[in-house]
Amino acid sequence: MAAVLLIESAMKFAIAVFSAAHAPSSRRALLFAQAALAGGHEIVRLFFYQDGVYNASDAVVTPQDETDLPKQWRTFITEQNLDGVVCIAAALRRGVLNTEEAGRYQRDAVAVSAPWELSGLGQLHDAVQDADRLICFGGA
Amino acid sequence: MAKSLLIISRQSPWSGPGAREALDIVLAGGAFDLPIGLLFLDDGVLQLAAGQNARALQQKDLSANLQALPMFGVEELFYCVDSASARGLGDRSLDEAQPLAAAQITALIDRYDQVITL
Amino acid sequence: MSTLHVLSHSPFGDERLTSCLRLLGTADALLLCGDAAYALQPGTAPFNALENRQVKLFVLAEDAQARALQVPDWAEAIDYAAFVELSIHHDKVNTWL
């Protein structure tokens with residue numbers, strides 16, 4: 001009976017992150033996402049826009065005694081098999097490129113790799129259409 | 001039926017890419033024929049000031065993009081009258097944008113399925 | 001219809017809280033997280049504005065705790081599980097980025 005209730009009340013979340021990995025709001029986004037899954041809900045997509053693209057950067061080096069958020073995102077997305085999409089236009093502007101884009105623009109620095117995916121803003125709209133709730137994290 | 005999305009744009013046009021990146025969400029929604037609305041609030045109303053000169057800062061002209069919104073199928077355009085009067089906003093571009101008082105904005109947010117304020 | 005408004009900026013020297021309170025509907029609620037929790041600093045203008053407005057007010061427990069803020073009895077401290085439930089209980093969530 002409890003399982004049935006859980007399924008009936010399960011919600012689909014789209015989560016959008018607008019702040020850099022070092023911003024408190026990005027950590028809050030991860031904890032919300034983890035709590036949503038723990039509550040039996042579904043995350044249709046994690047979308048990273050504006051400075052949120054830095055969460056996907058392999059180039060972030062966090063001091064050993066501090067929370068390594070890009071690493072935690074990577075682990076979370078991989079283990080939960082989630083869709084982690086980084087806005088391509090926002091990422092290009094901020095130098096967060098994958099191999100394909102680095103090749104296209106003849107840059108040496110590659111900062112994004114799987115499980116992250118670079119794609120367009122259509123993926124945000126797509127997620128909003130699929131989800132019951134859109135939750136945004138950013139700013140401070 | 002497609003879910004509707006309201007974008008509330010609060011950044012001034014020259015404070016960085018914020019205003020443009022808010023507009024990009026709107027334009028992408030319009031391109032997919034989604035029901036999308038745009039409300040200018042707080043410093044965001046400054047995007048509507050007439051006679052701005054992007055070239056003075058070697059920037060792209062955001063107002064030109066705003067003028068194109070109705071052509072992209074985005075016709076639900078609004079601005080907060082309180083924000084506009086607090087900032088002494090006089091002549092405006094984008095005639096299509098409708099002035100809304102606070103209570104009307106509360107009702108506007110209620111009317112949309114989801115909202116992003118940035 | 002109801003909206004959960006989420007604030008994370010300090011209320012001092014920032015107009016998000018003021019704008020949010022102006023637009024807040026009767027069925028809406030407000031969640032303070034991050035530096036927005038400083039609105040619970042007693043005797044300040046934001047604190048008085050919230051108390052007088054009698055808004056349905058929540059604060060992320062970790063943020064109140066980290067900042068040594070007492071949660072008044074007219075606000076409720078919540079964890080992330082409750083944050084998720086709160087976002088479901090309302091029709092939409094409006095984060096003031």
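The model is predicted, so local features need pLDDT of at least 70 and side-chain atom pairs count only at pLDDT 80 or more, while totals for chains, interfaces and linings use all residues. Residues are numbered from 1 along each chain as its sequence is written, and chains are lettered from A in the order in which they are written.

Chain A holds an open sheet of five strands in the order β4-β3-β2-β1-β5, with parallel pairing. Strands are DSSP runs of E with at least two residues, helices are runs of H or I with at least four, and both are numbered from the N terminus; two strands pair if DSSP finds at least two bridges between them. Because β4 (116–119) and β5 (133–137) of chain A each have a single partner strand, one side of each lacks a neighbour in the sheet. Within the sheet, β2 (residues 42–48) and β3 (residues 84–87) of chain A run parallel and are joined by three bridges; A:F47 has A:V85 as its bridge partner in β3(A).

In chain C, strand β1 (residues 3–7) pairs with β5(C) in the parallel sense over four bridges, and C:H5 has C:N94 as its bridge partner. C:N94 and C:K92 on one side of β5(C), and C:V93 and C:T95 on the other, are all buried, that is, 20 or more other C-beta atoms, placed from the backbone, lie within 10 Å of their own.

Chains C and A meet through 15 residues from chain C and 19 residues from chain A, where contact requires C-beta atoms, placed from the backbone, within 7 Å. On the chain C side, α4(C) gives the most, with six residues.

Terms used:
A residue is buried if 20 or more other C-beta atoms lie within 10 Å of its own, exposed if 12 or fewer, and partly exposed in between; C-beta atoms are placed from the backbone. Two residues are in contact if their C-beta atoms, placed from the backbone, lie within 7 Å.
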